[in-house]
Amino acid sequence: MLLSMQLVGGYGSEPGAWRLPGVDLHSHTDMDAYVRFARSAERGKIQLLFFADTPVLDADLARQPLRYVLDPIVVMTAIARETARIGLVATGSTTFTEPFNLARQYKALDVISHGRVGWNAVTPSSPDAAANFGAAVPPRHQKYERAHEVVHIVESLGGSWQRDAFVGDVDRGVFADPDKVSPVNVRGRYVASRGPLVIPPSEQGQPVIFQAGGGQEGIELAGMYADGVYANPYTIESGRALREALRASAVAAGRDADDVKMFAGFMPTVADSKADALARRRRLDESIDLRHRIQYLGAMLGLRLSYDDIDRPVPGDMLARAVANPADPRSERALEVVREGWSLRDVIANGVIDYHPVVAGTPEDVADHMQEWFDAGACDGFSIAVDGLHDGVDAFVDRVVPILQKRGIFHLDYEGPTLRDNLHAAPRYGRDPRLTR
Ligand SMILES: Cc1cc2nc3c(=O)[nH]c(=O)nc-3n(C[C@H](O)[C@H](O)[C@H](O)COP(=O)(O)O)c2cc1C
């Protein structure tokens, strides 16, 4: 099982994380905090850290903390110097960034970290983020045409130095072999680059490529290029279907099905008991708009629910009329939890309306969920989004990881020094022969 740990914003995946007891209120800009989380994840042998990024101020600032504060490349550079094995994967847009900038930044960090970097190539859909670049979100097909060109160029620039191009022979006075460093000369409809990049290969050749989201076009992009995919299925069935589609897409692009690994987003809350986990999540929920959540829960179940009933379960006669709304893939689970007889507040605390599946419970509950998905072939691993980073990373590492290790589904140590070693991905030197034919 592969695991990635999300380090977004410095507080955690729940907007209320900044109000948990013991949180350092400067975590969103404090490199010591990020390094502490990273080292904790590394202690747990987590294969990689993951940084989502949407460069826009979109939080409800009066109540909620900033989310995408610092450029992930900058944060990862600080972390790279304070860690030794854990992989560092950051999100960078194919829509609003020039491929030469991307290639230069990610490869620089790849050499700085001795081969531990990955680029999560995304096609953003936020109009507000687009506005920060003086642009609008282009039509989908254009976004993906451009994405193919950008990834192609970044990959090509990354491979513009052959493995043994750097010589460093002091006696003969040979620094590098110019015959092994070549321009890329790629010109597309949207972007172009001559190259070569000015950076020699890292210990893994060049950065790993991840991709996140985006329907059939995203699956094609991932099949062509990605070593890892960050996904958000809500059920085992949909996870399995997406994983199979990604594997088939890799084969169609001339690769091996195992070359693309799917990470399912997952939000655990780890506590001594289910009751303690729910209490923690109720506290986190004080920072979200519960009126809106109750209304939304009603829409998921086809019921008119009132905020005034937040501390009561749904009465039996209403429950009999409830139907899971097929427009939201989370509705089946919401209905299941409502039927268990929780109050509406606790239904929400169970995490039925979060961005990824939530398990609020004991370390065994969390490990059981992960094993069930993994054994069912619903993913190759998980992108763990802990509720609050300041104690949640340690709780996951110290309490859940040992269970996964004891069950023989998670490794006991890093396979090697590079991210490719730990993803079981081949080193990549030179240009992809599929792109130069
Ligand atoms: C699990 C997941 C994570 C994503 N992370 C990011 C991100 O960090 N930054 C970003 O701009 N977009 C992110 N996206 C959005 C996708 O790049 C894409 O915009 C979205 O899935 C909409 O699909 P479309 O591009 O096909 O319109 C993510 C999508 C998914 C499914």
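Student: At what distance does a polar contact join the side chains of Asp380 and Arg243?

Tutor: In this predicted model, the side chains of Asp380 and Arg243 are joined by a polar contact of 3.0 Å. The cut-off for such a pair of N or O atoms is 3.5 Å. The side chain of Asp380 also reaches the backbone nitrogen of Met262, at 2.7 Å.

Student: Where in the fold is Asp380 found, and does Asp380 count as buried or exposed?

Tutor: Asp380 is found in the loop between H13 and strand E13, which covers residues 381-384. For burial, the general idea is to compare the relative accessible area with a cut-off, and under 20% is called buried. Asp380 counts as buried because its relative accessibility is 13%.

Student: How should I read Gly87 on that scale, buried or exposed?

Tutor: Gly87 has a relative accessible area of 0%, and is therefore buried. This glycine is found in strand E3, which spans residues 87-93. For its place relative to another part of the chain, take Arg189, which is 102 residues apart from Gly87 along the chain, with 33 Å separating the two C-alpha atoms.

Student: Let us turn to the ligand. Which residues are the closest to the ligand, and how many surround the ligand?

Tutor: The shell holds 18 residues, with Asp53, Thr123, Arg140, Lys143 and Tyr144 as the closest. By class, the shell divides into eight nonpolar, seven polar and three charged residues. H5 and strand E10 (228-231) each supply at least two residues of this shell, and H5 gives the most, with three.

Student: Which polar backbone atom lies 2.5 Å from an oxygen atom of the ligand?

Tutor: That backbone atom belongs to Thr123. Side chains take part too, for an N or O atom in the side chain of Lys143 is 2.8 Å from an oxygen atom of the ligand, and a polar side-chain atom of Ser125 lies 3.2 Å from a ligand oxygen. Taken alone, the ligand exposes 620 Å², and the protein buries 84% of that area.

Student: How many cavities of 30 Å³ or more does the structure hold?

Tutor: Rolling a probe the size of a water molecule over the atoms shows where empty space is left. There are three cavities of 30 Å³ or more in this structure. The largest has a volume of about 100 Å³ and is lined by 13 residues, of which Leu7, Gly9, Phe51, Arg67 and Leu70 lie nearest its centre. Its lining divides into ten nonpolar, one polar and two charged residues.

Student: Which elements each supply at least two residues of the lining of the second largest cavity?

Tutor: They are helix H3 (99-112), helix H5 (140-158) and strand E9 (208-212), and H3 gives the most, with four residues. This cavity has a volume of about 80 Å³, and its lining includes Leu102, Tyr106, Trp119, Val154 and Ile209. By class, there are nine nonpolar, two polar and one charged residues in that lining.

Methods. Residues are numbered from 1 along each chain as its sequence is written. This is a predicted model: local features need pLDDT of at least 70, side-chain atom pairs count only at pLDDT 80 or more; totals for chains, interfaces and linings use all residues. Side-chain values use heavy atoms; hydrogens and water are left out. On a 1 Å grid over the protein atoms alone, a cavity is a set of points where a 1.4 Å probe fits but cannot get out, and a pocket is an open set with protein on both sides within 12 Å along at least five of seven lines; lining residues have an atom within 4 Å of a point. Grid points are joined across faces, edges and corners, and a volume is the space filled by probe spheres set on the points. Ala, Val, Leu, Ile, Met, Phe, Trp, Tyr, Cys and Pro count as nonpolar, Asp, Glu, Lys and Arg as charged, and the others, Gly among them, as polar. A residue is near a molecule or strand if one of its heavy atoms lies within 4 Å of it. A polar contact is a pair of N or O atoms within 3.5 Å; within protein, one must be able to donate a hydrogen and the other to accept it, and residues adjacent in sequence count only if both atoms are side-chain atoms. Accessible areas come from the Shrake-Rupley method with a 1.4 Å probe; for residues, only the protein chains shown count as cover. Buried means under 20% relative accessible area, exposed over 50%, partly exposed in between (1.4 Å probe, protein chains only).
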